[in-house]
Amino acid sequence: MSAGEIRVAIKSDQDVVLARQKGRVLATELGFSSGDATLIATAISELARNIISYAREGHITLKTVNGLNRQGISVIATDDGPGIPDIRQALRDGFSTSGSLGLGLPGVRRLMDEFEIASQPGRGTTVAVKKWRQ
């Protein structure tokens with residue numbers, strides 16, 4: 001773990017709340033608007049809930065990222081759960097295997113500026129997203 005990196009173990013609903021709060025604080029420190037800080041916190045919440053729903057436990061890692069003349073926040077959700085057999089299907093609006101509203105991954109992709117996902121059945125999933133300060 002590097003300096004300026006915040007890592008939150010996700011095992012319970014309280015951890016989801018903690019990760020969300022830490023993300024909001026970091027976003028505010030970086031000068032994001034309160035609206036963008038809420039979007040970031042919502043994305044963190046969705047990713048953390050997915051960890052609990054599908055893998056039972058994992059981590060959310062938050063860090064500051066610097067691009068060309070801009071600063072942003074990186075959120076990486078990792079777990080060693082069952083993985084996602086069909087990523088394209090999982091990214092469709094309304095798709096859910098857990099009986100939820102299915103806002104999860106497609107919603108996160110819309111809330112953030114950059115979205116990457118890597119998943120291997122039986123090996124787990126990593127979702128990495130970034131939001132740039134406007």
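I began with Ser 74, which I found in strand β3, residues 70-79 (strands being DSSP runs of E of at least two residues, helices runs of H or I of at least four, numbered from the N terminus). The model is a predicted one, in which local features need pLDDT of at least 70 and side-chain atom pairs count only at pLDDT 80 or more, while totals for chains, interfaces and linings use all residues. Residues are numbered from 1 along each chain as its sequence is written, and side-chain values use heavy atoms, with hydrogens and water left out.

I looked up the exposure of Ser 74 and noted that Ser 74 is buried, at a relative accessible area of 4% (buried is under 20%, with a 1.4 Å probe and protein chains only). Leaving aside residues up to four places away in sequence, Ser 74 touches Thr 61, Leu 62, Lys 63, Val 65, Val 129 and Lys 130 (contact means heavy atoms within 4.5 Å).

I then turned to helix α4, residues 104-111, where six of the eight residues are buried, namely Gly 104, Leu 105, Pro 106, Gly 107, Val 108 and Leu 111. Their cover includes α2 (34-55), α3 (87-90), β4 (114-120) and β5 (124-132).

Last, I checked helix α1 (residues 13-29) against α2, and their axes come within 8 Å and cross at roughly 150 degrees (axes are lines fitted to C-alpha atoms over the stretch in contact, with angles from 0 to 180 degrees between N-to-C directions).

Key: Buried < 20%, exposed > 50% of the residue type's maximum accessible area, 1.4 Å probe, protein only.
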